[in-house]
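Visitor: Please show me the model. I would like to ask how its chains meet.

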Amino acid sequence: MPDLLLELFSEEIPARMQARAAEDLRRLVTDRLIDAGLPYEGARAFVTPRRLALAVHGVPARQADRREEKKGPRVGAPESAIAGFLQAAGLKSISDAKVQADKRGDFYVAVIEKPGRPAIEVIGEILPDVIKGFPWPKSMRWGAQSKESGALTWVRPLHSIVATFGPETEETDIVPCSVDGIVAGNVTRGHRFLAPAPFTVRRFDDYVRKLDQAKVVLDAGRRRDIILTEAKHLAFAQGLELVEDEGLLAEVAGLVEWPVVLMGSFDAGFLQIPEEMIRAAIRNNQKCFVLRKSVPSPLVGEGREGGGEATRVPRRPDVTSRPPRPTPPHKGEGSRLVDKFILVSNLEAEDGGKAIIAGNERVIRARLSDAKFFYDTDLKTRLEDRLPKFKDIVFHEKLGSQWQRIERIERLAAELAPRIGADVARAKRAARLCKADLLTEAVGEFPELQGTMGKYYAQAQGEDEAVAHAIEDHYKPKGPDDLVPSDPVSVAVALADKLDMLVGFWAVGEKPTGSKDPYALRRAALGVIRMVLDNRLRLHLIPIFAAHRRVITRLDPAIRAAESHGHAEKMDHRVKPGDDEREIGDLLAFFADRLKVQLREQGARHDLVDAVFALAGQDDLFLIVRRVEALGKFLDTQDGKNLLAGYTRATSIIRIEEKRDDRDYAGGPAPKLYAQDEEKALAQAIGDAKAAAARAVAAEDFAAAMRAMARLRPFVDAFFDKVTVNVEDGALRENRLKLLNEIRAATRAVADFSRIEG
Amino acid sequence: MNSTANDDLPQHMRPERSFQGLILALQRYWADWGCVILQPYDMEVGAGTFHPATALRALGPKPWNAAYVQPSRRPKDGRYGENPNRLQHYYQLQVILKPSPDDLQELYLKSLDAIGIDLKIHDIRFVEDDWESPTLGAWGLGWECWCDGMEVSQFTYFQQVAGFECAPVSGELTYGLERLAMYVQGVENVFDLNFNGREGARKVTYGDVFLQAEQEYSRHNFEFADTDMLFAQFRMAEAACRKYLEAGWQPAPGASNRRRHLMALPAYDQCIKASHVFNLLDARGVISVTERQSYILRVRDLAKACGEAWLATEGGGEAHERDA
């Protein structure tokens, strides 16, 4: 069966869009093939900076013929009905219709034969549609045709289209189609500089081969492998280790059609700059890799460091067939950055890459000079001396200046410190300085180094190590894969930073909605949760929220102005207590949702999380998780099944009766109304279980609390066997319902069992 | 550098030896292609894009091909002449081609060859760089052009200017002349650039010409620029721009429902004045973050109104459409 080859040749496609575009092309074309009745055997998409390509294998040469029968009117029906049928079915005369019989008599049937069309024709219609509607994140118009409305848009100017279709071995045909004046053909071009001449292609296999000859590696994965392998090889040859970087590797593989890996060097004097800063300067701006060396490694020898020397490794066609090499020195405590870098060029240069290396070295020297200048300049000012500037920097229009935010963080960190075993003075100091590096030159240039530079500057001015590390760590965890701080001072500041954001934005009504979370509050809440759980912290969030909310509303003049209506000094009365309570509850519910997501990812049942959160005053995240875990384990035991069964039996009847009577049966039953032994026994059992559960909960032994509850089962069963609840005597009935309600109430010592599914 | 294109030039005119030689080589290349070679706009601007030959001529249907050098002022980038790579005043060479030719990338690469960059040994790359000017209400897609890892030019297909769709689209090339010259001359410090291509006593460096200016203007921009005056100038320029815009609108002759504009260019001058004054105020650090946005929006409103006025002038295609 024939194959389709498609290539869309354009000016340089942004690296970050390439992978997605290849996948979109594959999906859009193959979906349309299926819709058109052209099932295929396989499809692969490829992308380079200048081309998007698609190979679809095993497409039928024609669509299948289709035969359709259309039922018409009865034989002898009125003339108008016959005429309408002929028109609808596209028949000239009624003699072209067949006559069929059913149990009510004869009727006409039109048989419409739709011969399948050649696939190449159908593809010729599909391709322009797909190209015109292609979902680029950003697309543009260009050239003279761009003055017409409806002109083709593409990510960058589209120059040519290859579209061939044909069997695996013979000549292929060009798919007849065109888009906005670009006519599909069978001609493409190679590497922009190394092989710019046009050449014809027939199908995927000669396409890939000819591209390879024309210095284009079509497959991004192969380009990536070549870069990685050659970079490691170059590093190893010098006794160095490549600092791998997946994101950078993927980006660089999207910037070249013919990767040529080279090594350059810079002045070792720059190594005084913090490593993160060197790496940021080299990576962000120059898209080059940095290298490390294990300090005590026997493999490492100094010398032969010819700066600017061309050290390109000869290309080998198949990167996977290389013989294994000894493992390079391991990165670890003893390794440090070296004065070398790896660059990936797109050119096999006539001079072997000398000029390219020299040029890149020059730019990196300039970048590192800038970085060093920033670093040296920053070191001249102590962190605390930068703080007054924060008075003029707005954190958020309703939450005041950065200065006010820092004061709040400091205050909250000091509050939290003793509860998590952190030294208060250190926590305050770290909180005071934690944002100061935002005003440094280094962070202005490399925003991703916030915190990290603060640590270095704190160390340089002789701050306590715990303080310096807290400055770096207080932004953590930044994402699900980031490390969670564990040093108590770091934890205190990191918690204060995040809780101030959360309580603050809640106080001014800027909560995340749907997909909108501009202040990354979900991440902040998840960060708090992870810090609490990983460090086994025992914190009651409600009083923390409440106290900090009061701090925020008092400190903040904008809130004061907006809400006080001229009673600024009486601001504590402005926010109604009810609002406060509701908002704090809402923030806690936000934490509950985050926790649920977190626990669900770890495999916990979300209904168990609900069952625990439904209890009043659950604001100790660590305890909540302990309860959920205990509940999960317990429900798997026989005791657990007993408890759930007893609970369900007792509560289903109350729920029905409460609904019918439109009231609840809360409140203790009256012992003097107990008429049967089973009632008394159940009441006694509930009392015992309650007491035992309360003791166990106080000792935070949730399993024991649940076991105590489970002992109610036989008493519940006996009650239902012998006692009729819905009796004529209203007082008796009410008392019995109240007794059953006691079971519901008692079980709430551990969880709200009504939330548990099945 | 292996220059092949410039073998006929005397030593002191060669782009790899002289800053002015580089400029002349680029101007000659684009003149040969068919551009009008203009001189700089006589107002203070932050980039060549603000020259009316780009900002306004990019609007409307008329073809337009121009190249010019534009002194560009970025008050915040001043470093008192102490940084080898940063200047508060520098030169851009700007090329604007409307509509964008299909071989614009090739034309650009040949221009590099024309200034002695040998494409067989240098790694030229087009790296995504979407351009947006919030004050001009303009955006486009394109790249920064890298030569051996150094950004030497910006390459943009204008999609929108002054809030109006570009129809047709212009291609814009902006060469950072000092950087390019440093590269081809092999110089590490901008002030060491050979300006006139001479040697010995007759040699004039970039520093000879501009170092004092960098020192003085850095002092001015960061410490002494008279902010009261600047705030007043901003208001005055804004008001004047609005006044000229309002006064310039006239009914188009022979078409009762159409209007034409007779003072788009003078109004635009005032818009650019306001924009530069804002940059100075920003460098002095007297505009807060929230105010900053509102100043940008005020300039953009002017730019949009100027663009609208321009489209109603002959250069903007008003007569063109009437005749059509």
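Guide: This is a predicted model, so local features need pLDDT of at least 70, side-chain atom pairs count only at pLDDT 80 or more, and totals for chains, interfaces and linings use all residues. Residues are numbered from 1 along each chain as its sequence is written, chains are lettered from A and ligands numbered from 1 in the order in which they are written, and side-chain values use heavy atoms, with hydrogens and water left out.

Visitor: Which residue of chain A forms a salt bridge with Asp130(B)?

Guide: A salt bridge puts a side-chain nitrogen of Lys or Arg within 4 Å of a carboxyl oxygen of Asp or Glu. Here the closest N and O atoms are 3.2 Å apart. The partner of Asp130(B) is Arg156(A).

Visitor: How many salt bridges are there between chain B and chain A?

Guide: Asp130(B) and Arg156(A) form one of them. The count between the two chains is nine.

Visitor: How many residues of chain A are in contact with chain B?

Guide: Contact means heavy atoms within 4.5 Å. Chain B brings 40 residues to the meeting. On chain A the number is 43.

Visitor: What is the area buried between chain B and chain A?

Guide: Buried area is the accessible area (1.4 Å probe) that two parts lose on being put together, summed over both. Carbon and sulfur atoms give 52% of it here. The area is about 3700 Å².

Visitor: What box do the C-alpha atoms of chain B fill?

Guide: Take the box along the principal axes. Its size is roughly 65 × 50 × 35 Å.

Visitor: How many strands are in chain B?

Guide: Helices (H or I, at least four residues) and strands (E, at least two) are DSSP runs, numbered from the N terminus. Chain B has nine helices. Its strands number 11.
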